[in-house]
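Reader: Please take a close look at the aromatic pairs in this structure and at what surrounds them. I would like one connected account.

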Amino acid sequence: MAVKGVSGLGITGTLSNGHEVMKEAKAESENGRFMSLINKMKQDADSAEKPAAPKIGSGLSSSQVSSNHRLNGDYTQGFYNFYVSEADKHAKPEGFAATSTTSKGKKPVIDKTSELYAQSKELENYMVKMMLSSARKTIQKSELFGKNDYARDMYEDMMYDNYAESLTKNSHFGLADQIYIELSGQRG
């Protein structure tokens, strides 16, 4: 006996196996994490006292920030305490932000040990993860192991999360540098 949609009760289409519901819940969860990261960065930028002339390197260093910046369920290393050398406190912008200048025509300086930079890297990582997720959807999957294998999808998600983190740490896209410059008030 086939199950047909009942429009009077608000039920349309066929019954789902829960896979689509899980995908929607995951997307909604990632969107919530993204928005909370944006809101936290805005609050941090708003609550910081801005002097008349911004002091370069006046933020918190990584050693002064607690290392528990992960959400429940995060299994990646993250970007806090990743940059610790003295040279990282006075770094030049890279990648996308390499041509950035301040309102006075000078090159901005980035404190990669600051919490703001770590959060900027987290945001860049999220954007790279979204790009990889879109690319992942174009890959045709084999029917050999079944159409809906929840465990395979979970481990592939973890693998792509690690790909995104590795790309963010090693590729020097410069998105985090640009975000840092804008939020730190160096633009003028």
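Author: A residue counts as buried when its relative accessible area is under 20%, and as exposed when that value is over 50%. By that rule Tyr 117 and Tyr 180 are both buried. The model is a predicted one.

A search of the whole structure gives three aromatic pairs. In one of them, the ring centres of Phe 34 and Tyr 126 are 4.8 Å apart and the planes meet at 20°, so this pair is stacked. Phe 34 belongs to helix 1 (residues 19–47) and Tyr 126 to helix 2 (residues 115–136), so the contact ties together parts 92 residues apart in sequence. Tyr 126 is buried because its relative accessibility is 14%.

Tyr 117 and Tyr 180 form another aromatic pair, this one edge-to-face, with 5.9 Å from centre to centre and 75° between the planes. Tyr 117 sits in helix 2 and Tyr 180 in helix 4, so the pair ties together parts 63 residues apart in sequence.

Helix 4 (residues 175–184) also holds Gln 178. Gln 178 has a relative accessible area of 15%, so it is buried.

For contrast, there is a tyrosine at the surface. Tyr 150, in helix 3, is exposed because its relative accessibility is 52%. Together with Met 22, Met 154 and Tyr 155, Tyr 150 makes a nonpolar surface patch of about 450 Å². Helix 3 (residues 150–170) contributes the most to this patch, with three residues.

Notes:
Residues are numbered from 1 along each chain as its sequence is written. This is a predicted model: local features need pLDDT of at least 70, side-chain atom pairs count only at pLDDT 80 or more; totals for chains, interfaces and linings use all residues. Side-chain values use heavy atoms; hydrogens and water are left out. Helices (H or I, at least four residues) and strands (E, at least two) are DSSP runs, numbered from the N terminus. Buried means under 20% relative accessible area, exposed over 50%, partly exposed in between (1.4 Å probe, protein chains only). Patches are made of residues with over 30% relative accessible area and no salt bridge: like charges are joined within 9 Å, nonpolar side chains (Val, Leu, Ile, Met, Phe, Trp, Tyr) within 5 Å. Accessible areas come from the Shrake-Rupley method with a 1.4 Å probe; for residues, only the protein chains shown count as cover. A salt bridge is a side-chain nitrogen of Lys or Arg within 4 Å of a carboxyl oxygen of Asp or Glu. Rings of Phe, Tyr and Trp (its six-membered ring) pair if their centres lie within 6.5 Å; planes under 30 degrees apart count as stacked, over 60 as edge-to-face and the rest as tilted.
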